[in-house]
2 protein chains.
Amino acid sequence: MPKDAGEDPSLGELGESRVLARIFPRLPSAAAALVGPGDDAAVLAAPDGRFVVTTDLMIEGPDFRPAWSSPHDLGWKAAASNLADVAAMGARPTALVVAIAAPAGSPVSLLEGIADGLRDACESLAPGCGIVGGDLSVSATFTIAVTAFGDLEGREPVLRSGARPGDIVAVSGVLGEAAAGLHVLFTRAVDGHGEPDAGLADELRELTAAQLAPTPPIADGRAAALAGATAMIDVSDGLAIDADRVARASGVAIDFDRSALGGEPELALGGGEDHSLLATFPPTVELPGGFRRVGTVIEAEPGDGSAILLDGVPHPVTGWDPFADHSAE
Amino acid sequence: MPKDAGEDPSLGELGESRVLARIFPRLPSAAAALVGPGDDAAVLAAPDGRFVVTTDLMIEGPDFRPAWSSPHDLGWKAAASNLADVAAMGARPTALVVAIAAPAGSPVSLLEGIADGLRDACESLAPGCGIVGGDLSVSATFTIAVTAFGDLEGREPVLRSGARPGDIVAVSGVLGEAAAGLHVLFTRAVDGHGEPDAGLADELRELTAAQLAPTPPIADGRAAALAGATAMIDVSDGLAIDADRVARASGVAIDFDRSALGGEPELALGGGEDHSLLATFPPTVELPGGFRRVGTVIEAEPGDGSAILLDGVPHPVTGWDPFADHSAE
């Protein structure tokens, strides 16, 4: 609901320092922060002498529509998607830095809502993880850039390249639900002109939550590493394409069991943005946390053959390409 | 010079994986990288169990104009401005992650030029520092988000809050030159309609280089820490406003010597984007590297008085506010 400017002034009306003063108290502090926000840089603890780092952009248009995503959703998803990349290395997330560029006319409640979403995602998905720094700027295109850090706690990182023939292929988290939610938004949460409609999106929330505010199984990344996972990846572009990345990096192939992929195996294999974890484990391992078996690592075919199979039959690998699939011009 | 699409295809024509394949070979690797680009996250060494982290956005419009800045300039400045924040903590820069969002129709040579600028800035300003990860996305507004890391090598970070009355105030790097360059661009590198003109900017390069491709004294950050600097800051918004931040964080005031600020003291005090280093040192210290004395730390006035003085006279503090000073809408 729009508020009058007195309650909800624009970023331009408030100016940077007063915007920051309204956002900072909402952000969670990080247990690992030795020097937090407010200096030229933060200082973070890296107890085992290493740290994990990943970065991701969320851009209005290709990545979200303000009519569908609340500010809280945006903050939540920006945190969750980056936390999943840290988890996929077998690390425990420790901190985020967050840079936001918004039109000067945006209400400050937009940034407050994002801050609340960042906080709630950290507290819910990765307790102890907090925000240690950031940047605010003005842009015609609303943009959120998150960089996330993690602690390997003395373990080796779990890479994409360690899968071996005979390993179990397992997934923790949902498959295809984010893509199904996106389909619902594009087909049922649009007005007569095909434009995103906030009211319709609200009514369909139950069907779209996995897309708008995903809940990746962050703690299962560490659990997989402790259980001896040989390879792991965040399922961000689709199960088939992300499994293909693991298979090619490891020099193996992956054979999925159709019966383990639910009622819509093609949706499970092709849908992106679930931010679930795909991991491979030695065959003797008891699967940890929420992991369930979905297939088996097999020897790669000689030559340039398919690295992804479904019940033994080569399966096409398709996924999202930000430049080829979307033009924001 | 525009090339035909065969030589210089757009990002949309190439697709993400082929764009990355053209950029990666141009980027410098980081000596501290234990796991580099290509997995869900990178792993970096933090030998003393801590790391410094800072992040900054560069947005087309408020931060740069493509007619004035070459792609190489953009990569250089994105690296240099973040390296300066790491240096201002007294740390040695170790690595960057870089996220770029560009219109799908942009030529790949734009990203190649940025990659070359990032590389040349790292090699020139912070040898050993490299790129360990990033993200590519599509956006109507060209955006570069850099997060930079540094190693304190066992030292305490140099904060803004440590200046003490009697300390020397010193600067390494230019003052006012970036602002002077910006003034030249806005007054002399525009066409009859006031629009940025690439040809005129080229002719004026000598006068604008400090603005378009600053060369902050990165190594002097570490040198200042080793010499015992009590406080330090990257002069990004202007000497007066950044000195005011040090003074207020330290509970002191800073008195600048007009005679030490060159021929245009007001430009030196008010001009932003120099990315020089302002540091305070105990009075007995021999100033390291390129540092020169520009003033003295004095006791703060009781109450809400000015924290910045020029030859003993209170001086106004003004600086750049991204939201109040620029509307990109």
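**Domains and chains in contact**

Modeller: Happy to! This is a predicted model, and between domain 1 of chain A and domain 2 of chain A the count is two salt bridges.

Biologist: Nice. Which side chains meet in a salt bridge there, for example?

Modeller: One of them joins Lys77(A) and Glu273(A), at 2.8 Å from N to O. On the domain 1 side of that contact, α3(A) gives the largest share, nine residues. By class, that side of domain 1 has 13 nonpolar, three polar and five charged residues.

Biologist: And where do the domains of chain A run?

Modeller: Domain 1 covers 15-151 and domain 2 covers 168-325, according to the domain assignment. Their centres, taken over C-alpha atoms, are 24 Å apart. The area buried between the two is about 2,000 Å², with 66% of it from carbon and sulfur atoms.

Biologist: OK, switching to the two chains. How many residues does the contact take from each?

Modeller: Chain B gives 69 residues and chain A gives 69 residues. Together they bury about 5,400 Å², 64% of it on carbon and sulfur atoms.

Biologist: How many salt bridges cross that interface?

Modeller: Four. Among them, Asp40(B) pairs with Arg160(A), with the closest N and O atoms 2.8 Å apart. On chain B's side, strand β3 (residues 50-59) gives the most, with nine residues.

Biologist: Last one: which strands pair up between the chains?

Modeller: Strand β3 of chain A pairs with strand β2 of chain B, in the antiparallel sense, over four bridges. Within that pairing, Val52(A) stands opposite Val43(B).

Definitions and conventions. Residues are numbered from 1 along each chain as its sequence is written. Chains are lettered from A and ligands numbered from 1 in the order in which they are written. This is a predicted model: local features need pLDDT of at least 70, side-chain atom pairs count only at pLDDT 80 or more; totals for chains, interfaces and linings use all residues. Side-chain values use heavy atoms; hydrogens and water are left out. Contact means heavy atoms within 4.5 Å. Buried area is the accessible area (1.4 Å probe) that two parts lose on being put together, summed over both. Helices (H or I, at least four residues) and strands (E, at least two) are DSSP runs, numbered from the N terminus. Two strands pair if DSSP finds at least two bridges between them. Domain bounds come from an automatic or database domain assignment. Ala, Val, Leu, Ile, Met, Phe, Trp, Tyr, Cys and Pro count as nonpolar, Asp, Glu, Lys and Arg as charged, and the others, Gly among them, as polar.
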